[in-house]
Amino acid sequence: MLQVLQEHITKHLGKTPERLEEVSNAFEPLQLKRGAFLLRDGEICKYVYFIVEGCLQVFVIDKNGNESTREFYTEEQWVTDIMGFKNQQASKEYIKCIEPCKLLRIHYDVFQRFSSDIPAFVQIYQQILELSYSNTVYRVNTLTSLDALDRIKWLMENKPKLMTRLSSKLIASYLGISPETMTRLKGKL
């Protein structure tokens, strides 16, 4: 699993960074079953996760008990509650495995040490933040301007693998439509 991480880091930096072995060895491997939670509302987020295999859902639950999905993360992506992790405050999000997952995680304390000691590590973290922000803003801006059918079409065009990996209920949560609407509109495609 560490080789996947090392290749990912090297690819994103365009070269093999100094101390790559030390950094990658600081990641702890983790294998979880479908349905396992990495984080729940109210918990302190102590890890950043790198996905080797599987799919994770980041979501919130509103006062009526409805899930609203912020994002799905799959292979060779990073996931954490960015604000909760950065500030070590209680999270307002959930992170859940929706498939069996093989992950690598790095603890907050080690992460902070590497951030102050290794410039390449800071560069990777900055890329994670920028990508997360731009993906979220793009999705929100795009989806708010589309009706429900066009949201489904957008997902099919931009993230087709999610359509085959996720249930209609999860997709509906991600697109901000009801599961019933999702089922009805899928028949029109």
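Select Tyr73, Trp78, Val79, Thr80, Ile82, Ile128 and Ser132: these residues line the second largest cavity. A cavity here is a set of points, on a 1 Å grid over the protein atoms alone, where a 1.4 Å probe fits but cannot get out, and lining residues have an atom within 4 Å of a point. The volume of this second largest cavity is about 50 Å³, a volume being the space filled by probe spheres set on grid points joined across faces, edges and corners. Its lining divides into five nonpolar, two polar and no charged residues. For these classes, Ala, Val, Leu, Ile, Met, Phe, Trp, Tyr, Cys and Pro count as nonpolar, Asp, Glu, Lys and Arg as charged, and the others, Gly among them, as polar. β6 and α5 each supply at least two of the lining residues; helices (H or I, at least four residues) and strands (E, at least two) are DSSP runs numbered from the N terminus.

The model is predicted: local features need pLDDT of at least 70 and side-chain atom pairs count only at pLDDT 80 or more, while totals for chains, interfaces and linings use all residues. Residues are numbered from 1 along each chain as its sequence is written, and side-chain values use heavy atoms, with hydrogens and water left out.

**The largest cavity**

Next, select Ile9, Val23, Ala120, Phe121 and Ile124. Of the 13 residues that line the largest cavity, these are the closest to its centre. The space inside is about 80 Å³. At least two lining residues come from each of α1, α2 (20–25) and α5, and α5 gives the largest share, three residues. By class, the lining has eleven nonpolar, no polar and two charged residues. In total, the structure holds three cavities of 30 Å³ or more.

**The largest pocket**

A pocket is an open set of grid points with protein on both sides within 12 Å along at least five of seven lines. The largest pocket holds about 590 Å³ of space. To find its centre, select Thr74, Glu75, Glu76, Gln77 and Leu131, the closest to it of the 24 lining residues. Seven lining residues come from α5, the largest share. The lining is made up of eight nonpolar, nine polar and seven charged residues.

**The sheet**

Now show the strands β1, β8, β3 and β6, which form an open sheet of four in that order, with antiparallel pairing. Two strands pair if DSSP finds at least two bridges between them. β1 (28–32) and β6 (78–79) stand at the edges with a single partner strand each, so one side of each has no neighbour in the sheet.

Select β3 (residues 47–53) and β8 (residues 101–107), which run antiparallel and are joined by six bridges. Along this pair, Ile51 stands opposite Leu103 and Val48 opposite Ile106. Then move to β1, which pairs with β8 in the antiparallel sense over five bridges; one place to look is Glu28, whose bridge partner in β8 is Arg105.

Finish with helix α4 (residues 108–117), which lies across β3 and β8 and runs at about 65 degrees to β8. Axes are lines fitted to C-alpha atoms, for helices over the stretch in contact, and angles run from 0 to 180 degrees between N-to-C directions; contact means heavy atoms within 4.5 Å.
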